[in-house]
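Trainee: I should like to go through this entry with you. Could we begin with the terms and then turn to the chains?

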Amino acid sequence: MQGVAKRYGGVRALEGADLAIDAGRIHAVLGENGAGKSTLIKVMAGVVQPDAGQLLLDGRPVAFESPAAAHAAGIACIFQELSLIPDLSVADNVAISNPPRRFGLIDRRAQRRMAESALARAGAEDIHPLALVKDLSLSRRQMVEIAKALARRPRILILDEATSALTAADVMKIYSVLKRLRDEGLALVYISHRMHEIAELADDCTVFRNGRSVATYPAGTKSDREVVELMIGREYSAVFPPLAVRATPGDAPRLELRHLGWNARLDDVSLRLHAGEVIGLGGLDGQGQRELLLALFGVLRGTTGEVLIDGRRVAISGPAAAKRSDIGMALIPEDRKTEGLMLAMSVRDNLSFAALGRLSRVGVVDGAAEAEAVARMVRLLAIRSDGTDLPASSLSGGNQQKLVLAKWLMMAPRILLLNDPTRGIDVGTKQEIYALLRQLAEAGTAILFYSTDYDELVGCCDRVLVMYDGRVRRELAGAEITEHALISSALNIGDDARSARAAARP
Amino acid sequence: MADAEATARRGGTSRAAWRRHVDPATLSAFGCIVALLLVGSVYSSSFLSPEYLLQQLKVASFLGVIATGMMIVILLGQIDLSVPWVVAVGGMMATAATGWGPLGVMLAIPVGIACGVGLGLVNGVGVAFLRLPSMVVTLAVNAVAQGLMVVHTGGFSPQDASSPAMRFIATGHSLFGIPNALLVWAVVGAAAVFLLTRTTFGRTVYAIGNRERAAYLSGARTRTVVMAAFALSGGLAAFGGVLLAGYASKAAQAMGDPYLLPAIAAVVLGGTSILGGRGNYLGTVAGVILITLLQSILSVMQMEEFGRHVIYGVVIIAMLLVYGRGRRHSD
Amino acid sequence: MSGDWPYRLREHRGTLLAFLAFVVMFAIYASNHPVGLNANVATTAANKGVLLAIVAMAQTLVVLTSGIDLSVGMVMVLANCLASAIVVGSPRSTALGVLAVLGVGCLCGAINGLIVIYGRLQPIVTTIATGAVYYGAALALRRVPGGDVNASLAEALTGQLPGGSVPASLALLLGVVLVVWLPFRHSATGRAAYAVGSSELAAYMSGVPIRRAKFVAYLLSGLLASIAGLFLTCITYSGEASAANGNTYTLYSIAAVVLGGVSLFGGSGSAIGAIFGALMFRTIGDLLFVFNLDPLWQPLFQGVVLSAAVCLGAVRLLRMRNRLDLYG
């Protein structure tokens, strides 16, 4: 790819991006969220068309107007959002783009054989080809997705954060599968922001930042620190507001969980969160951290165990109950575009939405009070927009997240839950959010947040609870919280439990 | 959403802000109204006379009341296909109430509306609590309502007469000769505008239509609002039936059937997105008048019935192709 | 392969349930019928059932792509009126007439499909509007009820098969299934239709031919609706542009689809399930007659049955654990 550029409505996702991929090597692409990696991959896979630049295959220029065209050229891609059809079987999905045919109709038996061999090649022989995809767990689905890509006998295989949904056992399988494919001569492009994965797999690395490729080097020739600096473009020293030294709180914790459980995803979680305290949830992705936050907010049904607010037992039936003033909870959800905001509605309407009850009398909205509250919040959080009447979709990612925060801060919550709040946000806004969280904690808000960013956990939290498989396995407090401790806890726990359970996992 | 994205692409200037206040679909709907009036005047000079226009507005009022309820439901991103027989229930129950003695005569209108609200609540429970697709729920309620009315009337045309009050609001004139029906629509419309723009209910309706997930996670009482919206739609449809019964002095079998398609068409032609979350009442007003005028012109032109249906469908498709299109995959 | 049965069962669960329910209903009906199940009774019942079944199949094709076709009853009415005008006379003109009727059905389906695909309009509003157009066309053909149909064709389709006891309409139904549904189902385009209904985004990312799948689904739907219209002409020996009839069949087709285990969200279910759903729905309607209940109660009874079928869709709520799953 040379000089590829792509705009998305005023936001340059890619600008002058260059990438060269060779056969028989695993090429890792690194970058922060929002650096353009996903867009690059979508261009390569034919899902979107670039505004400028060109793609060269074997030295000849090519253009892919659709995913089908890219498939035909031998490029297979495994996305983060899976491309599997839930209501169809595994075999149907694997053979979906080019099923074997007989007399114009699909040859089911040949298709099944094709599926079985693709599943075997992907290390997933235990998945039955007739199972419906919607009945499979996320991890199994990811394996099917990989099998599907392999069934097309591609020359180039692209994986976009492909291991984020996998169980630990499956991750190891995938590593060996990928290495075997590389040895067979396939060219692989692997996108990730996890250093240990890159270290394990990559032959070459390219770093993306702000939509362009800033460095390409063979794996292992740069230290982690150097790579991170390339990724964020400046000296690696994220500035976190200093943690206040607090006196040991004597009274009842603002939020207490006793043996909280849910389905198979949460098991016996207990914690105590005091006013002014910031607790982080750590551990590998998908160990129940998100479910814990949802459970607290009343979104999950069938939870066991007890939740106590200020020492009183409460039963929270849903977000409407959670935001009541006697409980005072707020949740910044995982996906700001689909869960945090109504993108087509104005900034003002979004901002005032959670607090609408307080800004109105007998159901009628008090326009003046609303305008004043909105203006106050915009100032407080420094939300940069061209006007509060414009739709929320016109804001940048960082400002959109601040909008979600502002919406909830209007309720003056006593307990703030955040689900990976700085994912995909530019560094400057991240700093603003850290400072805000610190301010809120000092004013007495109890904060519980889940983050996939180790630096945040280190810099923001008084305590970190490392979770594995739905349980809190380790608690780190104060100076114990270091990146090293977090990573090793997450992985070590994984190791111990993995060896004990590797066979039993479906 | 397409609208918002397009606005964002233009750079988010004050020009875009202005544009948001004047919906292009509404403007074009009014433009079409003017065009229709001109076309009509070619056929008959009395087409532009105040009496005729007032008459048109009176006829439009019945559709207007019904379309108001439909609009609220469509704003949610749902649809109410139970309108035909809820209208009939409203008319038939109101006229039946007049047969229950003097108390019944007084309460005829509230009884009719209450029946509609009841059926609307059933719709609401199905959609909000059972999370069933509104299309099927309302179709089922429509079928049940029809069944109930068939049993009630014994299959014959209902013989009960409308109460004097019903006749008054549907056919009378007050205030400078303005038809009462039009006043009724004006009141209903004003209330709808207030509801949609100035209350938490209205805000929540738009939010749910935009992104129900986000509305739920923001702590909005989405289930209550959905139920209330369907109850409102049922009540307004029944009220429309009451008005129709007042106009004709009695109810009739299948009296609501000719109102379903026009109600949906009026709402959609007025710029309300069928997917929900976008639309304003002025557009619905324009859509209602547009549909009514279209039907009038077709009868003035002495177009045969078949031509009316064909032109109807074609006009709706044409308008939608201009304003109601979805997005491409590659966007 | 012994391990396959649980999966095959899962895949066809809706259809199997519909089949079982129908068998039960029909057993109740047949055993309580005052006259007993002779050839004439069976033929009359079969004719009505098959008519709805074909319309239900037409609806299924569109519903699979997560659309809805509210014009299906009107296409049937249009075909009915057209057939009453041209499916007459010599065997040659009859045959040409039949072809023309089917062609018109395909045209209607194609128009629906093109507007939905290239106009990117929602199927619900599109088909409401096109339904009006098709009804107008039907009215233009038959301002008043009338017309005729080739008698030997009508008798052949609505009578019994040679041999005396099996209704010919069932053979027609079987023929339609074999010639239209099964090839579609097992073709790549048919599977693409399922994919589109299940997740259009995933289908796009997988390179599935979305437009072709939708177009063929709508086209075949129109074809089937016109077959139903032709069959209706054979039953009534006339053509009538009845809006009430068209709307009724549209509504009942949706009921049949729901009863037949086809998901209204698209992506799962089978036209065969819809057939049993239709037969079941018809049988339930006739149960009133069999039990000597006042026919006045029939519309209410059918409405209640439809409501109960619709509520079956709420069963998934019982297994829901994360409320966010309820909000799309």
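Trainee: How many residues of chain C are in contact with chain A?

Mentor: On the chain C side there are 29 residues, and they are in contact with 32 residues of chain A.

Trainee: Which elements of chain C give two or more residues to that side?

Mentor: They are helix 1 (5–11), helix 8 (168–186), helix 9 (188–198) and helix 10 (200–205) of chain C. Helix 9 of chain C gives the most, with five residues. Helices (H or I, at least four residues) and strands (E, at least two) are DSSP runs, numbered from the N terminus.

Trainee: What is the make-up of that side by class?

Mentor: It has 12 nonpolar, 10 polar and seven charged residues. Here Ala, Val, Leu, Ile, Met, Phe, Trp, Tyr, Cys and Pro count as nonpolar, Asp, Glu, Lys and Arg as charged, and the others, Gly among them, as polar.

Trainee: How many helices and strands are there in chain C as a whole?

Mentor: Chain C has 15 helices and zero strands. Its radius of gyration, taken over C-alpha atoms, is 20 Å, close to the 20 Å that the globule rule gives for 328 residues, so chain C is as compact as a globular protein of that length. That rule is 2.2 Å times the number of residues to the power 0.38. Of the 328 residues, 57% count as buried, meaning that 20 or more other C-beta atoms, placed from the backbone, lie within 10 Å of a residue's own.

Trainee: And what does chain A contain?

Mentor: Chain A contains 17 helices and 24 strands. Buried residues make up 50% of its 506 residues.

Trainee: Which strands does strand 13 of chain A pair with?

Mentor: Strand 13 (residues 255–262) pairs in the antiparallel sense with strand 14 (residues 266–273) of chain A over five bridges. These two strands form a hairpin with three residues between them, and A:Asn263 in the turn has a positive phi of about 50 degrees. Strand 13 of chain A also runs antiparallel to strand 16 (residues 303–309) of chain A, joined by six bridges. Strands pair if DSSP finds at least two bridges between them.

Trainee: Which residues stand opposite A:Leu255 and A:Gly261?

Mentor: A:Leu255 stands opposite A:Leu273 in strand 14 of chain A, and A:Gly261 stands opposite A:Thr304 in strand 16 of chain A.

Trainee: A change of topic: is A:Lys402 buried or exposed?

Mentor: A:Lys402 counts as buried, because it has 28 C-beta neighbours inside 10 Å. A:Lys402 lies in helix 14 (residues 397–409) of chain A. Leaving aside neighbours within four places in sequence, A:Lys402 is in contact with A:Leu381, A:Ile383 and A:Thr429.

Trainee: Lastly, what pLDDT does chain A average?

Mentor: The average is 81, and 87% of the residues score at least 70; pLDDT is the predictor's confidence in each residue, from 0 to 100. Over residues 501–506 of chain A the pLDDT is below 50, and beyond near neighbours in sequence this stretch has four contacts in the model. Where pLDDT is low, the predicted coordinates should not be read in detail.

Key: Residues are numbered from 1 along each chain as its sequence is written. Chains are lettered from A and ligands numbered from 1 in the order in which they are written. This is a predicted model: local features need pLDDT of at least 70, side-chain atom pairs count only at pLDDT 80 or more; totals for chains, interfaces and linings use all residues. Two residues are in contact if their C-beta atoms, placed from the backbone, lie within 7 Å. A residue is buried if 20 or more other C-beta atoms lie within 10 Å of its own, exposed if 12 or fewer, and partly exposed in between; C-beta atoms are placed from the backbone.
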